[in-house]
Amino acid sequence: MGLILDGGIALLTIGIAAWTIRAADDFAAVVGFVAYGLILTLAWTRLGAYDVALTEAAIGGGATGVILMRAGARVKPAPAARASKRARILVGALSAAVAAGLAAIVLLPPEPAPSLALEVREHLASTGLGNPIGGVLMAYRAADTFLETVVVLLALFGVWSLGRDAHWGGRPGPAPRAGEGGALPLFARVLVPAGIVIGIYIVWVGADAPGGKFQGATILAAMAILAGMAGLVEAPATSGRRLRWLLSAGPIVFVGIGLAGIPLAGAFLAYPPGFEKPLILVIEVALTVSLAAMLALIVAGPPERAK
Amino acid sequence: MSADVIATSPGGGLLVAAIVVPVIGILLLWLVRPRAVEGVALAALLANLGVALAVLRTVTSSDAPVVYLIGGWQPPLGLALRSDGIAAVFMAMAATVLVPVAIYARGAFGEPGERRPMVFWTMLLAITAALNLIFCGQDVFNLYVALELLTFAAVPLVSLDGSRETLKAALRYLVFALAGSVLYLLGVAIIYGAYGTLDLMGLAAIRGPDGALLLAIGLMTAGLAAKTALFPLHLWLPPAHAGAPPAASAVLSALVVKGSFFIALRLWFDLLPPERAVAGSTLLGIFGAAAVIIGSAMALRQARLKLLVAYSTVAQLGYLFLVFPLGLGSGAAPFESTAWTAGALQLMAHAFAKAAMFMAAGLVYEAIGHDRIAEFRGLGRIAPLTVLTMTLACISLMGLPPSGGFSAKWLMLTAALGEGAWWWVLVIAAGGLLAAGYVFRVLVPAFTPPEEPIGRVKPVVVAREAAALALAVIAILIGFLPLAPWPLLAIGRIAAGAP
Amino acid sequence: MTPDATLPPFVPLLLALASLFPLGLLALTLAFPGVRPRLATLLWLAPLPGLAAAVFAQAATVSLPTPLELGLALDRPGALLLGSAALIWCAAGITAPAWWGEKLRSLPYQAWWLATLAGSMTVFVAADLVTFYLAFSLVSLAGYGLVTRDGTPAALKAGRVYFALAVTGEAFLLSGFVLLSIGAGGETRIAAIVAALPSAPLMAPALVLVLLGLAAKLGLVPLHLWMPPSYGAAPYPAAAVLSGAAVKAGVIGLVRFLPYETPLETLGTALAAAGFFSAFFGVAIGLTQRHPKHVLAYSSISQMGVIAAVAGLSLAAGRAVAPTEIAYYGLHHVFAKGGLFLALAALSMTGNRGRAALFWPVVIVALGIAGLPLTGGALAKLAIKDALGSGWPKTLGSLSAVASTVLMLHFLTLATVVRSRDASAVAPVAIRAAWWGMALASLALPWLLLPAVGGSLASALAPSSLVELGWPILAGVALFALLRLWRNRPSLPPGDILAVIRRGEPWLARLSNGVAAIEGFLTDWTVAGAVLLLLALALAGAML
Amino acid sequence: MSLAPLDAATLYGLMGAILVGLGLYGVVLLGGFLRRLLAFNLLGGGVFILFGVIARRGAGAGFSGDPVPQALVITGIVVAFCATALAITLIERLAEDDGDDASGGGS
């Protein structure tokens, strides 16, 4: 029964993907992609990867979908110069060959499947965390997570770098239309507080159950964007000192605690015994705040008006 | 299956500093007053140079790699940093290139705190961190994150100018690089699925004819080749490197493309048994040869200096890929082979010479208001230091002695002739001739006295000319190192100790 | 002049000074524009350390400390060539300020001059491959600046050919050097390499490559294309040092790299054949030239052909004394050929007055190249007599002297019309003196040095020698007289087949366009993407 | 090495392989950077699913899947989002400049 469901999901995913590739107009393709993100989330839950499913829903589908939609609306569709038939056959064959190679690997897995699950389990207690993925992200491979935060920050600066010189330090997005009534502000007024609560909750449980800073931060970011769209808050000036501290706080706390680990716990990004969980939580909270700000601002785009 | 237990070695903390220092620099840049931005960046780069030199010293004095276990966790669960001989040399090389670039870039982008200076300094520090991680990272996924950091830092530099052409070039670069990233990531997935480890040391311990590893390395190498702009995957490079501001082009051409190349080098030399690599490495060599010939021929055609220099990068990167067939085909331990040292020298000589060349091109532009080669007459009179810089850099690029370029060419020819692989010799010789041709095209008009006196458009800060000159001089000085395989470059290589 | 085992400590320093002094002056003029007017009149000083080294520092060696591993050394053949090259540089340095005047005070003139000089001096004392290659490249590439000094379109065109062939020669030389070094187990000291050469693997390809590189410098056919247009385009003082000194970088190469102690028959015979071909080709084409400079260039091609033939025959026969003979022959050519260019400079600035005093030495020196008895040239011809031996090489040698006589007579007829338009003009004394000095050197120095190279005065003056050298001159005169009867002699452009090759230029442009078209195709997104996939699959497939 | 059993992991693994193929086809062949970017994201989804399959197969020690590849995917998704955002901003900026050009009378 489950297999039939899985087969259905797989076929549907492939179908949507193919449709997205083939779609005649750009916006339709974007819509196809958002659907693809949703169905992929389902696939992740079927694979038992709830943390990933949350991340996929929040970021892979959600945030990515938002910016793609925006672009789909803003960008005039390029006059589609359709590739020649020969090119399509050639590229199709090459892509199919890669897919076939991967399929072969999928069909001929090593016995037994290699896994680090045991090692993760073995040391998890010493991190004080219940969620093994949190353990990987915050302890074993904390350096990845730290760098990833830097990557997100860099992406934000990269997005800002694409604004015009005249708007440098200004606010992203068009100016809010003042005094606009309607459903959106009302909707936002209800949803935003709820969203914030959910976001914080997801971060909080992330230590022991599926959830975590990236997912939580995305939800918080989504709330900020929603509030912005509804005109409840104005996008901050990117030169703002407080904003910059907000963005830096997470990385600074992370690197600070990491460096403190050298004298206190014998290694960079090691936590002193007994203080693992509280320290990790401190980092997570600081990161969540900063990541939420980063993600929201990335989605908001480069400054488009003066301060 | 897992490698032997490893431990943090004395001086290992330096590797953490190599990554943390530039990152802290980035954070500070955005928090300090605009006027302090350049100072912070420069201080971070100087500190980074100190760290890199300290790592190099530690590796040479202990004759062993420097290792650090992040968080104290053993791979494959945890992540290790490990700087062997070649990583230490390259870290020092990158740090040395970055400081003159920073001196050159001071004040080049207008008021501090404005868009261009802020973006430039941020991205420069990000590149520093990413390169350091690439040079001493041990975990293929960790390296993936570093590669992406490198790409995200490089793209805004390409479009720093904000003109339509550069935006287009940046987009082309980004999306093509992303395609490369995905192929790399696919390889990572295959490796983890087959071996349950991503640690290079652990993977090297497996060393055997295993299909999954070969398939993974094939995909990853293709992805890395796209990011390195190996011909014919170089479609993005000329517009990107020619369009970026000179200080940025210098870093992009000298260092950024070398990051992905270095990972490819690691994968092939650390993980593949040489006998399995013959066909693949020959293929890479053929592409490299095509890069040398066609890149140089294209450089010969360019009317603008920056495009010429960018195509010269395409050609010079081609030489790097000759290391694969030459180093893996020698029959000797690859790291003690002549080709290994030749490749390292070529990479360094090109880094210094090309950075100097791009910076000189920028100074030329400032001096006469354009970079059309045909109108260079009298340049030697207006900007003698800049022309001297170009001359020295060109000497290395065309492989005349004494220069790093010559040493690299000599050793590469030695490797090729030693293996009786005369076809690579033909390529190297032909590349040298074509390089002489494009160098000739640039230098001859520059040396020719003008028909009528022409004036400088704008005075140039001597420190900036000196920064470019310093890099060119280093490219020459590398030529005084002994013409033999360096033992330093074999320290701590994974396969060196393997049977 | 025997090598002294206990040289005073300063003597080896002379070797280093020979190359470092011009470089120091180069740095000086680069850094301090103020010195240039003074330096312009003192350029003749720059080669003096080289001359001193040639005289005092034979058998000295210098090696710079590791890691530089650059070494200098001087032996007798090297000293002969170094000394003669230093003298022609000195003479040309005296001519230059008088010829160029104000122009010589500018940086380009001084820089190119000194750079070429530094390379020219160093190449004779280089003891290891890298230093040799460095010096060889320096003298070749900096020579470009001398060829194009006039900046005329013709000069720039000639410069391009010069540069292309110089770089091509260097590519051959470098590949050959690397092979030599590999053959000697990574050794770079020339002496050690040549000693180990006979037993080295890949000796033949290494020597062939080295010889190809040297041939481009010597102007052996067909790598001679650069020589006539370059000498034609170069101003007289520049042509004098290029033809006199710079070309000898090729001669010292023949001296240094061929293992004369071991007979190498095939290679030697091939080199000799190439040399003789050049010797006669140079004369044949030289006779079709209309400008004395071009005739002198073809004469150089011919004379370098003779040297190559001597080197080849000696190599085939395993004659260990060949280096000294070759260097001695080269020494005479330095003075004669360099001197004749200076003579042309003097004649071109002279009207009717005092012309005879300039022209008669021209006649003697020019015929000296053909071996006119009692001249220095006669001694040079006698020095290579043993190498030519008997049989067809000897016959070819004599015939080449006949041919040279004809060519030199052709040169003399053309030189008579080189004169100033101003009938009362007299060339500056510096130019005249430089020419007379070189004429004297070409006539006398070979006599003075004869004992040093083991020649005997008695045999040089023996009647049989006079006959042997005399009949080709007489035959040449007769042949030239006959040739004068041929009214419509063909006239070929300098560089002969260069004109044919030039016709291929559109083809080259098409090739370049073709490359650009390929590039355009490959940089298409879809193509590049497909290649990316193909590469991924091919790499994976290649290893599976 | 034997053929994998037909289970959810295998099924999704094959799906991932096909998604990668489709994505590659799109990235290489589609015109317009927006579409290429979409294809890149499809491709990324496929790669991540492959990681998920590996995680699933590595289930053990009481976990429903090997946590390490799952953590990698979370990092990967965030990185891919950043890449997409950067590229989208570039695309929008270029489109905006096109608009300027049009209003400015063309160029």
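Which residues in H11(B) meet which residues in H24(C)? Ile294(B), Ala297(B), Met298(B) and Arg301(B) in H11(B) meet Ser512(C), Asn513(C), Val515(C), Ala516(C), Ile518(C) and Glu519(C) in H24(C), where contact means heavy atoms within 4.5 Å. This is a predicted model, in which local features need pLDDT of at least 70 and side-chain atom pairs count only at pLDDT 80 or more, while totals for chains, interfaces and linings use all residues. Residues are numbered from 1 along each chain as its sequence is written, chains are lettered from A and ligands numbered from 1 in the order in which they are written, and side-chain values use heavy atoms, with hydrogens and water left out.

- The residues of the contact of H11(B) with H24(C) divide into six nonpolar, two polar and two charged, where Ala, Val, Leu, Ile, Met, Phe, Trp, Tyr, Cys and Pro count as nonpolar, Asp, Glu, Lys and Arg as charged, and the others, Gly among them, as polar.

- The contact of H5(B) with H10(B) has twelve nonpolar, two polar and no charged residues, and H5(B) passes H10(B) in a left-handed crossing.
- In chain C, the axes of helix H15 (residues 322–348) and helix H20 (residues 429–449) come within 8 Å and cross at roughly 160°, which makes H15(C) roughly antiparallel to H20(C).
- H15(C) also passes H20(C) in a left-handed crossing, and the residues of this contact divide into 18 nonpolar, three polar and one charged.

**Chain A and its interfaces**

- The C-alpha atoms of chain A fill a box of roughly 65 × 65 × 35 Å, taken along the principal axes.
- Chain D and chain A bury about 7100 Å² between them, 77% of it on carbon and sulfur atoms, buried area being the accessible area (1.4 Å probe) that two parts lose on being put together, summed over both.
- That contact takes 76 residues from chain D and 89 residues from chain A.
- Between chain A and chain C, five residues of chain A are in contact with five residues of chain C, and the buried area is about 480 Å², of which carbon and sulfur atoms give 94%.
- On the chain A side, Val91(A), Leu94(A) and Val98(A) lose the most area to chain C, together 73% of what that side buries.

**Salt bridges**

- The count over all chains comes to 24 salt bridges, each a side-chain nitrogen of Lys or Arg within 4 Å of a carboxyl oxygen of Asp or Glu.
- Four salt bridges are found across the interface of chain D and chain A, whereas the count between chain A and chain C is zero.
- Asp26(A) forms a salt bridge with Arg35(D), the closest N and O atoms being 3.4 Å apart.
- Glu92(D) and Arg70(A) meet in a salt bridge at 3.0 Å, N to O, and the pair crosses between chains, from helix H3 (residues 67–103) of chain D to helix H3 (residues 50–74) of chain A.

**Backbone features**

- Most residues other than glycine have a negative phi, and most peptide bonds are trans.
- A cis peptide bond joins Phe231(B) and Pro232(B), with omega about -5°, and Pro232(B) lies in the loop between helix H8 (211–228) and helix H9 (237–243) of chain B.
- A cis peptide bond also joins Val221(C) and Pro222(C), with omega about 5°, and Pro222(C) is in the loop between helix H9 (203–218) and helix H10 (227–233) of chain C.
- Asp63(B), a residue other than glycine, has a positive phi near 55°.

Notes: Helix = DSSP H or I, 4+ residues; strand = E, 2+ residues; numbered from the N terminus. Left-handed = near helix turned anticlockwise from the far one by under 90°. Axes fitted to C-alpha atoms, helices over the stretch in contact; angles between N-to-C directions. Parallel < 35°, antiparallel > 145°, perpendicular 65-115°, else oblique.
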